[in-house]
Amino acid sequence: VVVDLVVLFLLFAGAILPSTTFVTARQKRAAHECFLRMCLEDAEIDTIDFSPPGTLQDAIKFFKERSLTSNSFDDSNSPLEIVVEAKSEDYKTRPLPVIAVRKLSFYEAIRQVADRAGFEMAIRDKQVILKERSEK
């Protein structure tokens, strides 16, 4: 509901459709992505502290649980959707390096965890995507 309101706001503001009268799927997806990024940047995490034997899977669980208690997300009944795109399932058991920081936005916290775990972060539609970096 809130995302649809954002789409309508962007329509009336002329940011999406300066000269047309309908919303394409691509434009709606772009509005969802913009809204999710704003929510991630507005929501703050006081402290994150991950250390071995903690895994990326543990960090994802942490972010999903914290998103339920944050009032910055549009639907407090469903957790943040984080999708992992990896070649294998070993990220579920591979320990994270020590990560301890204070006062970060959700966006920056997820980005740092992804970076240190060897993943890239992206926002696609209504999901945060963690894609394994290819080895060069």
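Start by selecting glutamate 33, which counts as partly exposed because its relative accessibility is 22%; buried means under 20% relative accessible area, exposed over 50% and partly exposed in between, with a 1.4 Å probe and protein chains only. Glutamate 33 lies in helix H2; helices (H or I, at least four residues) and strands (E, at least two) are DSSP runs numbered from the N terminus. This is a predicted model, in which local features need pLDDT of at least 70 and side-chain atom pairs count only at pLDDT 80 or more, while totals for chains, interfaces and linings use all residues. Residues are numbered from 1 along each chain as its sequence is written, and side-chain values use heavy atoms, with hydrogens and water left out.

Show what surrounds this side chain. Leaving out residues up to four places away in sequence, glutamate 33 touches Ile123, Arg124 and Asp125, where contact means heavy atoms within 4.5 Å. A polar atom of the glutamate 33 side chain lies 2.8 Å from the backbone nitrogen of aspartate 125. For a distance label, pick the C-alpha atoms of glutamate 33 and glutamine 127: they are 8.1 Å apart in space, with the residues 94 apart in sequence.

Stay with aspartate 125 and look at its backbone. Aspartate 125 sits in the loop between E4 and E5, and its phi is positive, about 55 degrees, although it is not a glycine. Most residues other than glycine have a negative phi, and most peptide bonds are trans. At 32% relative accessibility, aspartate 125 counts as partly exposed.

Now zoom out and colour by secondary structure. The protein has four helices and five strands, in the order α-α-β-α-β-β-α-β-β from the N terminus. Of the 136 residues, 36% are buried. Among contacts between residues at least 6 apart in sequence, 67% join residues at least 24 apart.

Select helix H2 (residues 25–42) together with helix H4 (residues 106–116). How do they pack? Their axes, lines fitted to C-alpha atoms over the stretch in contact, are 5 Å apart at an angle of about 90 degrees; angles run from 0 to 180 degrees between N-to-C directions. H2 is therefore roughly perpendicular to H4, on a scale where angles under 35 degrees count as roughly parallel, over 145 as roughly antiparallel, 65 to 115 as roughly perpendicular and the rest as oblique. Show Arg37, Leu40 and Glu41 of H2, which meet Phe106, Tyr107 and Ile110 of H4.

H3 and H4 pack at about 170 degrees with their axes 11 Å apart, so the two helices are roughly antiparallel. On the H3 side the contact is made by Leu56, Ala59, Phe63, Arg66 and Ser67, and on the H4 side by Phe106, Ala109, Ile110 and Val113.

Serine 67 of H3 deserves a separate selection. It counts as buried because its relative accessibility is 1%. A polar atom of the serine 67 side chain lies 2.8 Å from the backbone nitrogen of leucine 80.

Then select Leu40, Phe63 and Leu130. These have the most contacts inside the largest nonpolar core, which has 30 residues; such a core is a set of buried Ala, Val, Leu, Ile, Met, Phe, Trp, Tyr and Cys residues joined through side-chain atoms within 4.5 Å. H4 gives the most to this core, with six residues.

Proline 53, in the loop between E1 and H3, is joined to proline 52 by a cis peptide bond with omega of about 10 degrees. Lysine 103 in strand E3 has a positive phi near 50 degrees, and at 55% relative accessibility it counts as exposed. Finally, serine 134, in the segment after E5, is exposed, with a relative accessible area of 52%. Its C-alpha is 9.7 Å from that of alanine 86, a residue 48 apart in sequence.

Technical notes
A polar contact is a pair of N or O atoms within 3.5 Å; within protein, one must be able to donate a hydrogen and the other to accept it, and residues adjacent in sequence count only if both atoms are side-chain atoms.
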